[in-house]
Amino acid sequence: MSAITLVEAVNQALAHELARDENVVLLGEDIGMNGGVFRATAGLQARFGSKRVIDTPLAETMLGGLGVGMATQGLRPVVEIQFMGFIYPAMDHIVNHASRMRNRTRGRLTCPMVIRTPYGAGIRAPEHHSESTESMFTHIPGLRVVVPSSPFRAYGLLLAAIRDPDPVIFLEPSRIYRLIKQEVPDNGEALPLDTCFVLKEGTDVTLVSWGAMMHETLQVAQQLENDGISAEVIDVATLKPLDMDTILQSVSKTGRCVVIHEAARTSGFGAEIAAELGEKAWDVLKAPVLRVTGFDTIVPLYRKEMQYLPSVERIRDTVDAVLVYERIV
Amino acid sequence: MTDNNAVVAQFEIRYHQFLTKEGVLVQPLPEPLDNNPTLWKEMYYHLVRNRMFDEKAIKLQRTGQMSTYPSTEGQEAIAVGVGMAMHREDVLVPYYRECGAHLVRGVKMDEMFMYWGGDERGSLYEQIPNDFPYCVPIATQCLHAAGVAAAFKYKQEKRAAVSFIGDGGTSKGDFYEAMNVAGVWHLPVVFLINNNQWAISVPISQQTACKTLAQKGIAAGLSAEQVDGDDIFAVYHATHLALDRARQGKGAHVIEAITYRMGDHTTADDASRYRDNEAVQKHRDECPILRLRKFMESQNVWNAADESALIEKIAADIEAAVTRYQQLTPCPVTDMFDYLYETLPDALQEQRDEVIAYFGDRS
């Protein structure tokens with residue numbers, strides 16, 4: 001078994017589910033012969049046919065609405081939105097229909113669909129190809145929002161997302177599509193949703209992140225280790241519904257927490273985690289929960305995008321800041 | 001030799017009518033309508049029930065027993081005609097006005113009252129579990145119908161989807177995107193435009209420069225036609241043919257049914273603010289119910305005794321539905337959590353407990 005990238009793991013998961021369940025269909029723009037602009041669906045149309053891997057007209061509202069209609073009739077549509085910046089025409093269908101169908105029909109009609117989309121900055125892409133707007137979706141009751149940060153978790157979480165009986169927004173961090181390779185056995189074993197993953201255990205500070213920023217976060221954890229500071233690192237993975245228990249458990253041990261995300265700061269998902277910690281961990285916190293985030297600006301065009309993204313240096317400085325506090329009893 | 005100024009596309013939209021407002025046939029009725037008093041009476045029953053249901057719903061709203069309700073007065077032939085032309089295994093994807101179609105397909109009157117009366121169980125549709133519930137966001141339902149039709153095609157089932165849309169809705173992108181994909185994928189779906197001339201306060205003249213709304217389908221490669229929406233024979237026949245073609249894999253179709261919105265947009269609206277009552281009165285004698293009754297009387301298959309017996313029966317059925325609605329056991333407040341996901345996520349447990357602490361776990 002050779003090691004594969006995150007985007008190859010996505011492809012492997014899609015192929016696995018297409019082979020396993022004939023109700024799974026892929027819908028998207030340029031996903032067929034072309035294999036998707038990031039190659040996430042490369043070879044799938046040749047293998048499973050154009051009836052299962054469908055190049056659609058160029059219309060994102062349509063992708064959202066078709067997915068809803070198909071899902072209610074027992075299919076498992078997996079919709080690719082080419083870039084997250086183009087998901088907004090489908091918002092009406094995600095927010096007003098996919099997320100609500102089960103509730104408004106008291107379980108009579110359901111919407112087991114997945115909307116996958118590459119997201120995030122750092123790939124020198126044109127305008128509108130770099131934003132991280134996950135918290136627009138984490139705010140919506142009825143949705144799941146899932147973000148993998150490694151090939152292994154991309155495979156296991158995407159299997160779980162496709163098999164989930166409710167709609168899932170599956171955000172693929174494009175900056176790390178090909179950053180690392182891992183051996184990912186194609187064994188069909190899904191990873192649990194609604195669960196945070198502790199990537200590294202530690203005792204002095206908890207670092208919480210997701211998606212591409214996991215990599216800078218892990219680098220900082222390594223630096224800290226070299227400096228004799230023990231950081232626990234948590235990959236949130238499912239942002240909604242949030243597994244706050246794992247984060248609380250960690251913070252009750254470390255007493256300190258830094259949340260790192262590349263999305264803009266205001267109403268970013270870090271605020272939710274910080275607020276939960278403020279309510280439920282105030283008695284164990286030794287320092288304020290700090291956030292390292294993208295700025296409240298438009299993501300700059302690519303010459304400046306790396307300055308927009310939280311850097312290892314910014315993360316380290318913030319961790320150092322929470323480490324200097326001592327709890328005043 | 002090439003013609004550098006050739007006409008490369010042409011289209012026409014036909015208008016179909018069988019029954020005039022006087023109840024007179026202007027062309028012979030096709031099968032299965034021809035010489036079929038049983039079918040005419042069934043249509044008449046559904047039309048009258050739709051009208052009487054509507055009147056009762058408005059009364060319930062006016063007396064504070066139900067919330068906002070959209071009247072269908074004067075537009076019953078569209079809902080009933082379509083509902084009756086559909087097969088049971090087809091799927092209806094409505095917007096929010098065509099209660100007559102739901103009722104024809106077996107949705108219970110008390111379910112309809114429950115929906116507009118603020119109870120989600122009104123969308124349970126126990127009798128017709130694949131039909132979509134009401135759809136409030138304009139035109140979005142057209143794409144759901146296309147998706148349903150795509151699923152039928154994928155599973156090679158001989159079924160079709162029907163989506164209603166209003167005249168205002170045809171200005172929205174969802175409508176075009178739905179017709180476009182239905183055209184290019186030859187989906188078994190029929191888009192039924194209820195052109196009642198008004199989108200709340202905006203008249204059709206301010207909605208589009210198109211001469212017909214049907215022709216919007218031509219742009220997507222669909223066949224399209226206009227019918228007299230107050231003539232149930234025309235609505236039924238056009239829908240019946242379109243659904244047959246759709247189920248046979250011959251593609252999607254657009255029907256624009258011309259009618260007039262007699263009532264306010266909803267009970268929350270006051271149409272006197274923006275339209276002249278004289279224009280409304282002018283349309284009173286177009287009434288789809290009256291014209292079918294005149295026709296049946298002229299055929300000697302309906303009389304005053306039939307009429308009063310019918311009204312008596314329907315009134316009793318409606319009263320029984322109202323009683324069931326009024327005696328409804330409230331659903332548990334925790335239902336707002338329990339149908340959000342298939343399994344309640346741990347993250348929601350605390351909030352669910354909180355609602356129980358304040359309101360109990362019953363109602």
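**A walk through chains A and B**

Chain A holds twelve helices and twelve strands. Its radius of gyration is 20 Å, close to the 20 Å that the globule rule gives for 329 residues, so chain A is as compact as a globular protein of that length. If you draw a box along the principal axes, the C-alpha atoms of chain A fill roughly 65 × 45 × 40 Å. Please keep in mind as you look around that this is a predicted model.

Strand 11 of chain A gives the most, with three residues.

Next, some details of the backbone. Most residues other than glycine have a negative phi, and most peptide bonds are trans. With that in mind, you can look for the exceptions. In chain A, Lys240(A) and Pro241(A) are joined by a cis peptide bond, with omega at about -5°. You will find Pro241(A) in the loop between strand 10 (238-240) and helix 9 (244-254) of chain A. Asp194(A) sits in the loop that runs between strand 6 (168-173) and strand 7 (197-200) of chain A.

Chain B has a cis peptide bond too, between Glu31(B) and Pro32(B), where omega is about -5°. Pro32(B) belongs to the loop between strand 1 (15-16) and helix 1 of chain B.

That loop brings us to helix 1 of chain B. Spanning residues 37-62, helix 1 of chain B packs against helix 4 (residues 109-116) of chain B at an angle of about 35°, and their axes are 11 Å apart. The crossing of these two helices of chain B is right-handed. Which residues make the contact? Helix 1 of chain B brings Arg49(B), Phe53(B), Lys56(B), Ala57(B) and Leu60(B), while helix 4 of chain B brings Met109(B), Met112(B) and Phe113(B). Among the residues of this contact, six are nonpolar, none is polar and two are charged.

Methods
Residues numbered from 1 in each chain as written. Chains lettered and ligands numbered in written order. Predicted model: local features only at pLDDT ≥ 70, side-chain atom pairs only at ≥ 80, totals over all residues. Heavy atoms only, no water. Axes fitted to C-alpha atoms, helices over the stretch in contact; angles between N-to-C directions. Helix = DSSP H or I, 4+ residues; strand = E, 2+ residues; numbered from the N terminus. Left-handed = near helix turned anticlockwise from the far one by under 90°. Contact = heavy atoms within 4.5 Å. Nonpolar A, V, L, I, M, F, W, Y, C, P; charged D, E, K, R; others polar. Rg over C-alpha atoms; globule rule 2.2 N^0.38 Å.
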